[in-house]
Amino acid sequence: MGQIMETSSSHGSDPVSIGPESWDGLLAAAGPRDHIVQLYQDQQFLNRAVCRFAAGAIANGEGVILVPTATHWEAFRPRLAAEGVDVEGAQARGQLTVVDADELLPRFMRDAMPDAPVFLGLAADVIANARGQDRYPKVRWWGEMVNVLWEQGNVAASMSLEDQFDRLAKHHEIAIFCSFVMDNFNSEVHSRLLPRLGQNHSHLIPVEDYARLERAVGDALRQTVGADDARVLEQQLLANYSQAFQMPRSQALLLALRESLPDVADSVLTRSRRLYHGSKLSAE
């Protein structure tokens, strides 16, 4: 395969422009060069997000590639059918391509790291087949090979593969969506992993319920520094904060706190976790 030329990215746009509950719309309308990352701990959240992404592609007449583990594919199939997708029909006409993550991953791993030329060549073949001689010129890709490496504890390989996926999105003009089993209220995730993910993603989906996150973070900040200081601090932090990927406003506030006031950030994050999960339990 020819050398991939680096092109300009959509990253770096307004980092707080995503409004409440918009991950659903974001995934349904994902476009070329979008590189979206989801953090999840709940299997149902993963099912809803992946199937919204895939169903949106099929409804728009696009091709979609899914690279799940066998277990996750069995969970996705009934959810896709519930969203009105004729799974067997979409596969038969070549609009839906399903590749086993556990089978594809070893084909390009060398010494516990992804071999970039081999991976890009294999991925290019999958994309070309999904386009089906231009029957589906627009293609989307969701996969969890990066998460498989992450769960194996091979963080370096996982992040390296994400870099290759970012190159893939730009070069082939496709939308890419990936999902990590990761706790958004973990201090280590905020201080080390999200800044790294910001280097190669355009959008972050940190939690399922953006409105609940907004309330939890706002209340946590007020409990930590007081109502008056919270209002001033929020305005100042967001006005001066620049982040690579788009995300909910409340998530940007958490990361801005981490960057400017790490001690305050730890307290706010701990309270946010309790309030976010507590409000879900009370609603149930």
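**Starting with a helix**

Me: Which residue caps the N-terminal end of helix H9?
Reply: Keep in mind that this is a predicted model. Look for a side-chain oxygen that lies 2.8 Å from the backbone nitrogen of Glu188.

Me: Where do the buried residues of H9 sit around the axis, on the same side or on opposite sides?
Reply: H9 runs through residues 187-197, and its buried residues are Val189, His190, Leu193, Leu194 and Leu197. Around the axis they cover an arc of only 130 degrees. Such an arc means that they're on the same side of H9.

Me: What joins the side chain of Asn200 to another one?
Reply: Find Asn200 in the loop between H9 and strand S8, which spans 203-205. Asn200 counts as buried because its relative accessibility is 1%, under the 20% cut-off. Its side chain is joined to that of Asp163 by a polar contact of 2.7 Å.

Me: And Gln246, is it buried or exposed?
Reply: Go to the loop between helix H11 (227-240) and helix H12 (249-260), where Gln246 has its place. The side chain of Gln246 makes a polar contact of 3.5 Å with the side chain of His203. The relative accessibility of Gln246 is 15%, and buried means under 20%, so Gln246 counts as buried.

**The chain as a whole**

Me: How compact is the chain next to a globular protein of that length?
Reply: There are 13 helices and 8 strands in the chain. Its radius of gyration is 19 Å, and the globule rule gives 19 Å for 284 residues, so the chain is as compact as a globular protein of that length. The C-alpha atoms fill a box, taken along the principal axes, of roughly 60 × 40 × 30 Å.

Me: What share of the residues counts as buried?
Reply: The count runs over the 284 residues of the chain. A residue goes in if its relative accessible area is under 20%. The share that counts as buried is 53%.

**Pairs along the chain**

Me: How far apart in space are His35 and His201?
Reply: His35 is in strand S1, and this residue is buried, with a relative accessible area of 0%. Along the sequence, His35 and His201 are 166 residues apart. From C-alpha to C-alpha, though, the distance is 4.9 Å.

Me: What's the distance between Phe53 and Asp125, C-alpha to C-alpha?
Reply: Phe53 is part of helix H2, residues 43-59, and is buried at a relative accessible area of 0%. Asp125 is 72 residues away from Phe53 in sequence. In space, C-alpha to C-alpha, they're 21 Å apart.

Me: And what separates the C-alpha atoms of Trp73 and Asp100?
Reply: Trp73 belongs to helix H3, residues 70-82, and is buried, with a relative accessible area of 10%. Trp73 and Asp100 are 27 residues apart along the chain. Their C-alpha atoms are separated by 8.6 Å.

**The largest pocket**

Me: Which element gives the largest share of the lining of the largest pocket?
Reply: This pocket has a volume of about 230 Å³. Strand S1 (35-40) and helix H13 (262-283) each supply at least two residues of its lining. The largest share is 3 residues, and they come from H13.

Me: Which of the lining residues lie nearest the centre of the largest pocket?
Reply: The lining has 16 residues. By class, 8 are nonpolar, 3 polar and 5 charged. Nearest the centre lie Gln41, Phe45, Glu208, Tyr276 and His277.

**Two loop residues**

Me: What's the phi of Asp111?
Reply: Asp111 is in the loop between strand S4 (109-110) and strand S5 (113-114), and counts as exposed at 78% relative accessibility. Most residues other than glycine have a negative phi. For Asp111, phi is positive, near 55 degrees.

Me: And what's the phi of Asp134?
Reply: Its place is the loop between helix H6 (116-131) and strand S6 (139-143). With a relative accessibility of 59%, Asp134 counts as exposed. Its phi is a positive value in a residue other than glycine, near 70 degrees.

How values were computed: Residues numbered from 1 in each chain as written. Predicted model: local features only at pLDDT ≥ 70, side-chain atom pairs only at ≥ 80, totals over all residues. Heavy atoms only, no water. Helix = DSSP H or I, 4+ residues; strand = E, 2+ residues; numbered from the N terminus. Buried < 20%, exposed > 50% of the residue type's maximum accessible area, 1.4 Å probe, protein only. Polar contact = N/O pair within 3.5 Å; in protein donor to acceptor, adjacent residues only side chain to side chain. 1 Å grid on protein atoms, 1.4 Å probe; cavity = no way out; pocket = protein on both sides within 12 Å on 5 of 7 lines; lining within 4 Å. Points joined across faces, edges and corners; volume = space filled by probe spheres on them. Nonpolar A, V, L, I, M, F, W, Y, C, P; charged D, E, K, R; others polar. Arc of directions from axis to C-beta. Rg over C-alpha atoms; globule rule 2.2 N^0.38 Å.
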